[in-house]
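Here is a friendly note to read with the model open beside you. Take the points in order, and look up each residue as you reach its name.

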Amino acid sequence: MNYDVAILGAGAAGMFCAIEAGRRGRRVLLLDHAKSAGDKIRISGGGRCNFTNYNIAPEKFLSNNPRFALSALKRFTQWEFIAMVDAAGIGWHEKTLGQLFCDGSSKEIISMLLDHMAKAGVELRLQTQIDQVSRDESGYQILTSAGTIRAASVVVATGGKSIPKMGATGLGYKLAQQFGLSVTKTRAGLVPLTFAPHVLDKTAGLSGLSVSAEVSHQRTRFSEGLLFTHRGLSGPSVLQISSYWREGDSICVDLCAGQDIGKSLSEDRHTFGRLSVKNALARHVPEKLAALMVAEAGVAGNLADQSKAALRGLAETVHNWQVTPSGSEGYRTAEVTLGGVDTDGLDARTMESKAVPGLYFIGEVVDVTGWLGGYNFQWAWSSGWAAGQVC
């Protein structure tokens with residue numbers, strides 16, 4: 001079983017690389033241990049696949065070298081993927097903040113990719129376990145559950161550790177280290193944050209409550225939805241900040257972003273002075289959240305009885321709620337894996353190892369992680385495209 005290119009991993013990056021290599025006339029084999037290709041595509045975006053974003057830019061990617069991704073992102077852009085989606089007749093819409101979703105099902109994206117793979121002559125082999133990869137002067141040998149495969153080039157597109165129930169493993173990192181490439185420390189990204197029991201005692205009654213919030217960590221901030229859960233916090237703003245947060249750090253939450261609670265409560269004193277301070281605050285935020293904020297600020301009594309300093313303190317609590325998560329929900333629910341194959345060992349134009357000819361790393365396995373909102377899919381398309389031009 002001899003091939004020009006063997007691609008390990010039939011996810012977004014692997015499928016796209018296979019298409020591009022196949023179009024060049026290369027004999028391509030795409031391998032995966034899963035029962036179907038593109039499983040993460042299928043579940044993404046609530047089943048509608050947030051396939052890219054209008055606002056692709058290098059500062060929206062995390063890496064030890066954030067500019068590494070720039071070459072691939074500039075050479076295969078979001079506009080080119082959108083054109084591909086349009087040509088396939090797939091309807092789509094912008095949801096918010098430049099995030100593009102299918103009007104129908106994410107399965108349409110998978111079908112589009114499978115169709116392009118078939119036209120490019122790519123051989124897809126599923127339910128195939130990859131046991132060992134080695135290299136000698138004749139190329140690469142891949143020992144699999146279906147026998148030994150030989151290939152001139154190998155592309156590692158095995159993804160990260162996120163969502164292990166879908167079969168995610170650390171195979172790509174092991175292969176990188178086996179061939180002498182460095183791997184940066186990995187951790188869960190775009191993941192809900194959890195609270196210690198003493199904090200959960202205060203927030204337990206808010207489980208299921210969502211608000212528009214601004215969540216910040218040091219100089220980084222995101223303004224999107226926030227969801228209280230029975231374990232801590234989730235929602236887009238929290239998932240975003242989780243990629244920057246480190247254990248032991250606190251985060252700052254503005255629970256009423258875009259409003260001036262201090263000014264509103266001062267004005268309300270003249271008309272609603274007999275209201276309890278909790279009920280007065282509940283005119284501006286959900287009642288259960290108002291109760292928590294009043295307790296956190298240590299105020300009680302009617303609104304009219306509050307001093308200016310007390311109202312300023314309550315407003316500060318609402319707009320600058322400081323809380324220290326105890327951890328995250330980990331890879332079990334993480335949308336991505338931060339860290340990965342060190343970009344110092346890869347050619348930014350081709351994704352090939354600088355030290356090992358014919359060995360490529362693309363997609364999530366590389367130390368490039370995008371924001372929530374289609375950025376990671378665009379990295380998959382772009383890095384897969386870059387490797388597909390040369391592998």
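The numbered points below go from the whole protein to single residues and pairs.

1. **Before you start.** This is a predicted model, in which local features need pLDDT of at least 70, side-chain atom pairs count only at pLDDT 80 or more, and totals for chains, interfaces and linings use all residues. Residues are numbered from 1 along each chain as its sequence is written, and side-chain values use heavy atoms, with hydrogens and water left out.

2. **The whole protein.** The protein has 13 helices and 21 strands. Here helices (H or I, at least four residues) and strands (E, at least two) are DSSP runs, numbered from the N terminus. Along the principal axes, the C-alpha atoms fill a box of roughly 85 × 40 × 35 Å. Of the 391 residues, 55% are buried; buried means under 20% relative accessible area, exposed means over 50%, and partly exposed is in between (1.4 Å probe, protein chains only). A contact means heavy atoms within 4.5 Å. Among contacts with a separation of 6 or more, 72% are between residues 24 or more positions apart.

3. **Helix 1 and helix 5.** Two packed helices are described by the angle between their axes and the distance between the axes. The axes of helix 1 (residues 12-23) and helix 5 (residues 107-119) come within 9 Å and cross at roughly 25 degrees. That angle makes helix 1 roughly parallel to helix 5. For the terms: axes are lines fitted to C-alpha atoms, for helices over the stretch in contact, and angles run from 0 to 180 degrees between N-to-C directions. Angles under 35 degrees count as roughly parallel, over 145 as roughly antiparallel, 65 to 115 as roughly perpendicular and the rest as oblique.

4. **Who touches whom there?** Helix 1 contributes Met15, Phe16, Ile19 and Arg23 to the contact, and helix 5 contributes Ile110, Leu113, Leu114, His116 and Met117. These residues divide into seven nonpolar, one polar and one charged. In this scheme Ala, Val, Leu, Ile, Met, Phe, Trp, Tyr, Cys and Pro count as nonpolar, Asp, Glu, Lys and Arg as charged, and the others, Gly among them, as polar.

5. **Helix 11.** Which residues of helix 11 (residues 287-297) are buried? They are Leu289, Ala290, Leu292, Met293 and Val294. These buried residues pack against several elements, including helix 7 (197-203), strand 13 (210-217), strand 14 (220-228) and helix 12 (308-319). Glycine 298 follows helix 11 and has a positive phi, near 70 degrees.

6. **Two residues to check.** Most residues other than glycine have a negative phi, and most peptide bonds are trans. Cysteine 49 is not a glycine, yet has a positive phi of about 55 degrees. Cysteine 49 sits in the loop between helix 2 (39-43) and strand 3 (50-53) and is buried, at 0% relative accessible area. Beyond its neighbours within four places in sequence, cysteine 49 has contacts that include Ile41, Leu100, Cys102 and Phe377. Methionine 351, also not a glycine, has a positive phi of about 70 degrees. You will find methionine 351 in the loop between strand 19 (336-338) and strand 20 (359-361), and at 0% relative accessibility this residue is buried.

7. **Salt bridges.** Side chains of opposite charge can pair when their charged atoms come close. A salt bridge is a side-chain nitrogen of Lys or Arg within 4 Å of a carboxyl oxygen of Asp or Glu, and by this rule the count is eleven. Arg231, Glu329 and Arg332 are linked in a network of salt bridges.

8. **A pair within one helix.** Aspartate 115 and lysine 119 form a salt bridge (3.1 Å, N to O). Because the two are four residues apart in helix 5, about one helical turn separates aspartate 115 from lysine 119. Aspartate 115 is partly exposed at 37% relative accessible area, whereas lysine 119 is exposed at 65%.

9. **A pair between two elements.** Aspartate 268 and arginine 283 form a salt bridge, with their closest N and O atoms 3.0 Å apart. Aspartate 268 lies in helix 9 (residues 261-272) and arginine 283 in the loop between helix 10 and helix 11, so the pair ties together parts 15 residues apart in sequence. Aspartate 268 is buried at 8% relative accessibility, while arginine 283 is partly exposed at 43%.
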